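Hello,

Here is the structure for your files. My notes on its aromatic rings follow below.

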Amino acid sequence: MTQTEPGTGGRVSKARERLLRTAGQLFYTEGIHTVGVDRLVAEAKVTNATFYRHFRSKEDLAVAYIGSVDQAIRTQIGLLTAADVPTDGILRGIGASLVEQIRSPGYRGCAFLNAAAEFPAPDHPVHRAVVQHRAWFLQTITGLFAEITEASAEHAGRHFVMLRDGAMSAGYLGDPVMAGETLLRGIEGLLRVHTARGLDEGAAAAPDQAPSAAATVSDMECSPPGA
């Protein structure tokens, strides 16, 4: 027999969705520690019994919240990778979606970095959920760079993630327009350098001559136009 939420006629699964949606809004805008169960229950219009039927604790709900954000990003990137778009276009598309987020009303920084700051203990379930997402994101980005060329793909992936982290923080603490422009120019520079590595991959390197780090940096244009 399907259980229903008293007074609503809705299925319990709908109540869970409502709780998760409410938690997502409140946790992101106000912080996880700040929002109590009583407020979540009141704003989601469910009972305490319904809350604890679906979540053992507020921390359990916080883990589900992080999981929902993670799934949304996986779905978004999945749509990009499924489209008939070149790999560099996928990476640019990810950058464009980040810029759109940074410039959106109510933007309050990266949900994952915010949650990790609230739960710094490495063994806490919320912190672990953040780390798992970041590991997946880095692996995904690195894999895309490897499709262009495997040469230094791990370095390019880490660089991309650092550009993302910096832009998402700068977009909240400073000028979101400038942060977005800087991110896009950084991605373009990174793609240019990485693609050049692929073109040169088959060429024999000069004896005892390592690639110049300074030359790589000079190829990067990470400032907005006119800066």
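Tyr-52 is partly exposed, with a relative accessible area of 47%; that label covers values between buried, under 20%, and exposed, over 50% (1.4 Å probe, protein chains only). Phe-51 has 0% relative accessibility and therefore counts as buried.

This is a predicted model, in which local features need pLDDT of at least 70 and side-chain atom pairs count only at pLDDT 80 or more, while totals for chains, interfaces and linings use all residues. Residues are numbered from 1 along each chain as its sequence is written, and side-chain values use heavy atoms, with hydrogens and water left out.

Searching the whole structure gives five aromatic pairs. Rings of Phe, Tyr and Trp (its six-membered ring) pair if their centres lie within 6.5 Å; planes under 30 degrees apart are stacked, over 60 edge-to-face and the rest tilted. Phe-51 and Tyr-52 are edge-to-face, because their planes stand at 75°, with the ring centres 4.9 Å apart. Ring pairs also join Phe-51, Tyr-52 and Phe-55 into a cluster.

Phe-145 and Phe-160 make an edge-to-face pair, at 6.2 Å centre to centre and 65° between the planes. Phe-145 belongs to helix 7 (residues 125-148) and Phe-160 to helix 8 (residues 153-173), so this pair ties together parts 15 residues apart in sequence. Helices here are DSSP runs (H or I, at least four residues), numbered from the N terminus. Phe-145 is buried at 0% relative accessibility, and Phe-160 is buried at 1%.

Regards

Conventions. Helix = DSSP H or I, 4+ residues; strand = E, 2+ residues; numbered from the N terminus.
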